[in-house]
Amino acid sequence: MKTLPSLRVLPLLLTSLFYLPAASAQTSAQASAPGTAALIATKNRPVLLTGEVITKDSQAIFVPPSNSMPVVLRNFVAEGSKVKTGDLVLRIETSNSANIDQLIIGIDQTRAKTESDLAKLEVAALEADKNLLNAKAALAKALVDAALPKSQISALDFDKYQSEKDRSERDLEVKQLAYSDANAAVTRRKSDGDLELQKQQINLVYSKAQLAQSEVHAKQDGIVVHGYSSWRGERLEEGSSAFPGNVAGQVMGSGQMEVKAWALEADRIYLKEGDPVLLKFDALPGAEIRSTIATISNAPEEHSSWGYGRYFRIDIKLPAQHGIPLVPGMSVLAEPVQTARKSLAKTISTEAELTIEGEIQSRVVTPISPPAIPYIWQYTLGAMAPEGSKVKAGDMLVSFQAAEVPTQLASQKSSLNEKQRALEKLKLEQIEAEKNSDLSVAEAQSNAEKSARKATMPKELIRRVDYDKLVIEKTLNADLAALSIRLRATQLRARKAERTGLESEIAQLQGKIDSLFKGQKALTVLATRPGMLIYKSNFSGDKFTTGSQVWMGLSVASLADPDKLFVSAKVPEAQAIAIKVGQTARINIPGANMTLPARVTALGAVFHSKSTTQPIIVRDIELEFDQPPKGLKPGAAIQAIFSSTAVPSSSSSASRDNKDKKK
């Protein structure tokens with residue numbers, strides 16, 4: 001429900017202050033009684049509770065959270081529509097759908113980049129493996145030469161072979177360390193890629209959750225009732241601007257009602273569950289209901305808008321057959337029965353006519369706001385059609401300007417052209433690299449075949465040292481041939497991943513450019529149907545004009561149908577009982593210097609605060625003209641004049657009860 005205005009608590013504060021001297025005097029008179037004197041002295045202290053009528057099983061429709069504010073309401077179910085559990089009742093415009101697309105592309109890019117980096121590191125690891133094989137073969141050959149007896153060769157050759165053996169051992173250690181580092185780099189990059197991918201997937205899940213939260217679904221069967229803007233005080237409709245966390249409306253369930261009241265912390269001691277109370281309603285003078293306190297909250301709550309006091313919430317159940325036409329939001333005065341005071345009967349004056357203010361509105365209104373362009377938060381009004389002008393379908397209504405859009409478009413286009421050129425160059429380089437890879441494999445296989453043929457020579461025909469070296473060469477070249485095939489496959493995978501990553505970057509840039517083009521086109525708002533342009537006001541209360549700064553999601557004007565006009569007015573709660581459906585009224589239009597007959601066609605489903613600056617409780621009423629007016633504009637101020645009828649005030653109930661008893 002809505003926040004209670006301070007006026008509802010004012011009677012409670014005034015009553016407490018008014019009766020405080022009497023309580024003090026009584027306390028002085030009982031001063032001789034120790035211990036319980038103060039409690040006895042104040043046990044009859046009058047306590048008044050103020051509150052409102054609420055629906056017992058209603059669902060509040062909150063504006064979903066968003067990273068920007070205000071937001072535009074979409075798919076808002078029409079007021080009075082019946083909905084079932086699970087039905088969509090409200091959605092807000094959000095850029096999360098575009099963000100999700102970008103995140104999916106980003107995940108593909110991360111996969112491609114990780115695959116490319118892994119493939120390159122695996123190529124480096126295979127090169128290290130190749131170097132390690134060569135180092136092992138070199139050491140094996142050096143060991144063959146170093147094993148020759150010193151007596152059979154010259155001292156110079158012997159020293160050379162021993163030095164070569166030492167060098168080969170040191171080189172093998174270096175190659176083994178490089179091989180280990182290369183494989184460790186592959187493991188680390190794989191782990192880093194998994195972490196980065198997991199992070200982006202979490203962001204994707206979060207964005208999808210935000211997108212799901214941008215929709216509100218009915219949690220029960222009921223009827224949708226729209227709320228009111230705390231900023232402009234107007235009813236929230238499809239296309240209206242609202243702030244996240246605000247209540248946009250309610251889904252009214254079975255219609256069972258109860259009273260939610262508040263008691264000052266100092267008055268809590270005089271109340272307990274089950275106490276009888278007398279309920280009176282500002283909107284229904286003379287109407288009273290006797291009930292009991294059902295529950296009292298365990299701890300007090302602060303309400304800064306009411307002052308510095310703290311208040312206990314008190315729930316009061318209503319009798320099943322009370323017979324009073326209650327409406328959610330009605331102000332309630334709850335008084336414990338033992339302290340209830342008789343009041344004199346009095347009647348609202350019937351001599352003066354009831355005059356309330358309102359305005360002419362259209363049944364068909366389309367709000368106009370800036371387009372939702374990613375990462376653009378503020379716009380400038382470049383041009384607006386004259387207020388009150390009639391437009392046709394296709395006419396320009398409003399033109400917004402966003403200096404960042406052309407700049408971002410130029411930057412993104414430049415990046416896209418650069419990436420496209422890089423892709424063409426990469427394709428040519430990869431074609432050449434594939435040819436070189438095939439040549440390397442063919443060369444390695446040819447070397448392996450040659451080494452194998454040489455190793456088949458009879459051992460008796462050549463020196464033992466040379467034969468051992470041929471065997472070593474045969475094993476080495478066979479390993480290198482197998483390694484070259486693995487190397488070619490890994491290089492092919494690296495090239496494919498690099499090309500995929502670049503293509504993903506191009507797709508991401510193209511998506512951003514398409515979004516910017518779409519947003520740039522939407523900066524000029526065209527009329528989708530004939531109508532009349534009506535300007536709206538900004539936060540300062542001034543109407544939007546050319547050059548005004550506009551935040552994303554803020555409505556600057558509306559396109560109204562001038563052929564479907566009606567009167568919208570707000571009647572104060574105390575006079576609401578005098579207004580009935582079908583009642584006639586005179587509509588005075590000062591701007592047009594005319595007075596037209598009209599009839600009340602609808603009453604608001606709830607009572608609400610007029611606005612944050614005017615917390616008076618009001619009820620909406622709608623009136624239809626007897627004859628469709630000509631030449632009137634939506635938004636024109638009017639005065640609705642009703643002929644008053646005598647109604648009893650809330651203080652007359654005690655007198656009426658006494659009269660009934662005498663009868």
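Me: Which residues form a nonpolar patch on the surface?
Reply: Tyr375, Trp377, Phe539 and Trp551, with about 500 Å² of accessible area together. Nonpolar side chains (Val, Leu, Ile, Met, Phe, Trp, Tyr) are joined within 5 Å, like charges within 9 Å. Areas come from Shrake-Rupley with a 1.4 Å probe, and for residues only the protein chains shown count as cover.

Me: Is this predicted or what, and how are things numbered?
Reply: It's a predicted model, so to speak of local features takes pLDDT of at least 70 and side-chain atom pairs count only at 80 or more, while totals for chains, interfaces and linings use all residues. Residues are numbered from 1 along each chain as its sequence is written, and side-chain values use heavy atoms, with hydrogens and water left out.

Me: Where does Phe539 lie?
Reply: In the loop between strand S22 (531–535) and strand S23 (549–551). Strands are DSSP runs of E, at least two residues, and helices are H or I runs of at least four, numbered from the N terminus.

Me: Why does Phe539 count as partly exposed?
Reply: Because its relative accessibility is 46%. Buried means under 20%, exposed over 50%, and partly exposed is in between (1.4 Å probe, protein chains only).

Me: New topic: which strand is Pro597 in, and what does Pro597 touch?
Reply: Pro597 is in strand S27 (residues 594–609). Leaving aside residues up to four places away in sequence, Pro597 touches Ala585, Phe625 and Asp626, where contact means heavy atoms within 4.5 Å.

Me: How many aromatic pairs?
Reply: One. Tyr379 and Phe400 are edge-to-face, 6.4 Å centre to centre with 70° between the planes. The rule takes Phe, Tyr and Trp rings (six-membered ring for Trp) with centres within 6.5 Å; planes under 30 degrees apart are stacked, over 60 edge-to-face, the rest tilted.

Me: Buried or exposed, those two?
Reply: Both Tyr379 and Phe400 are buried.

Me: And what's the mean pLDDT?
Reply: The chain's mean is 81, and 86% of its residues reach 70 or more; pLDDT is the predictor's confidence in each residue, from 0 to 100. Over residues 1–42 it stays under 50.

Key. Patch = residues over 30% accessible without salt bridge, like charges linked within 9 Å, V, L, I, M, F, W, Y side chains within 5 Å. Salt bridge = Lys/Arg side-chain N within 4 Å of Asp/Glu carboxyl O.
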